Amino acid sequence: MTSTLPLLHVRDLRVDVGERNVLKSISLDVPPGALVVLMGANGSGKSTLGLALAGHPSYRVTGGHARFGGQDLLALNAQERARAGLFVSFQAPPDIPGVKNNLFIRSALNAVREARGEAPLDAFDFLGSARAAARQLGLPEAMLSRPVNEGFSGGERKRNELLQLALLQPRLALLDEIDSGMDVDGVRAVVQLIQTLRTQGTAFVVVSHYLQLIESLQPDAVLRLDQGCIAETGGVALARGIAQTGFARAAEPVEA
Ligand SMILES: Nc1ncnc2c1ncn2[C@@H]1O[C@H](COP(=O)(O)OP(=O)(O)O)[C@@H](O)[C@H]1O
Ligand SMILES: [Mg+2]
């Protein structure tokens, strides 16, 4: 019998930030290798969902449940979630002064390699693959030896998130507006990397407002988040409709 279990299974997830209830009830299934696009107006809760799933301590799950690869995701801390193969990119990647980019990424990579039962990479082997990946992503090699994101432009920070994605090769990647602030070559690199990783079985949740990117990703599903709930589920046609009419119109009830 073949298993049809989703890789990520989220039911009635409720998330509070500070005193505020941001996500009311989110249910979502992502099968292994699938690509789901998440859309929604500013402030609808897209980043909150990503950060809550990643285990960010400021995003408190106050209801519902989530399973990842058959494990209770919410019982794991942020490091354990990453080691289990979950990758969540930041919408606004922070800098980490004093921590060298290549050491940071190698430490993360060796932690997930250990969890996968693979041998750690030494500095020499890591640098070889990191340089190759950086080249493919159009990220200057010098950025590997600088502190994480310090002095990086917005687009370079996003490319640095992609570098981590390319090297970590997670089971599921949630990319939060990875295309924002990127030039056309950067957006092309996003599409190429996602396509490459998909052929290796990585599943994706892609948060984006950019129709051209969404169309080129050929998503299995498009979800519209509204005020902390999944308001609509569809295919690329839903993204095209939102691009044409906007979120305000999409949220209005259809007149008889
Ligand atoms: N750390 C935080 N502190 C206070 N409010 C927050 C925080 N994170 C998110 N929010 C609020 O939660 C709502 C959803 O935010 P967010 O998930 O960032 O939306 P989106 O990513 O869809 O634009 C917004 O009203 C935002 O102001
Ligand atoms: Mg956001």
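1. Let's start with a helix pair: helices α5 and α6 cross in a left-handed sense, where left-handed means that the near helix is turned anticlockwise from the far one by less than a right angle. The contact draws on G155, K158, R159, L162, L165 and A166 of α5, together with G186, A189, V190 and L193 of α6; two residues are in contact if their C-beta atoms, placed from the backbone, lie within 7 Å. By type, the residues of this contact are six nonpolar, two polar and two charged. Here Ala, Val, Leu, Ile, Met, Phe, Trp, Tyr, Cys and Pro count as nonpolar, Asp, Glu, Lys and Arg as charged, and the others, Gly among them, as polar.

2. A word on the basis of this note: the model is predicted, with local features needing pLDDT of at least 70 and side-chain atom pairs counting only at pLDDT 80 or more, while totals for chains, interfaces and linings use all residues. Residues are numbered from 1 along each chain as its sequence is written, and chains are lettered from A and ligands numbered from 1 in the order in which they are written.

3. Back to the geometry of the pair. The axes of α5 (residues 154-168) and α6 (residues 184-199) come within 11 Å and cross at roughly 15 degrees. Axes are lines fitted to C-alpha atoms, for helices over the stretch in contact, and angles run from 0 to 180 degrees between N-to-C directions. The two helices are therefore roughly parallel to each other, a term for angles under 35 degrees.

4. Now the whole protein chain. It has eight helices and twelve strands, taken as DSSP runs (helices H or I, at least four residues; strands E, at least two) numbered from the N terminus. Its radius of gyration is 18 Å, close to the 18 Å from the globule rule for 256 residues, so the chain is as compact as a globular protein of that length. That radius is taken over C-alpha atoms, and the rule is 2.2 Å times the number of residues to the power 0.38. Of the contacts with a separation of 6 or more, 68% join residues 24 or more positions apart.

5. Two residues deserve a look at their backbone. Most residues other than glycine have a negative phi. N149, not a glycine, has a positive phi of about 65 degrees and sits in the loop between β8 (147-148) and α5. Q227, in the loop between β11 (221-226) and β12 (229-234), has a positive phi of about 50 degrees.

6. Are these two buried or exposed? N149 is buried, with 21 other C-beta atoms within 10 Å, whereas Q227 is partly exposed, with 14. The cut-offs are 20 or more for buried, 12 or fewer for exposed, and partly exposed in between, with C-beta atoms placed from the backbone.

Methods: Angles under 35 degrees count as roughly parallel, over 145 as roughly antiparallel, 65 to 115 as roughly perpendicular and the rest as oblique.
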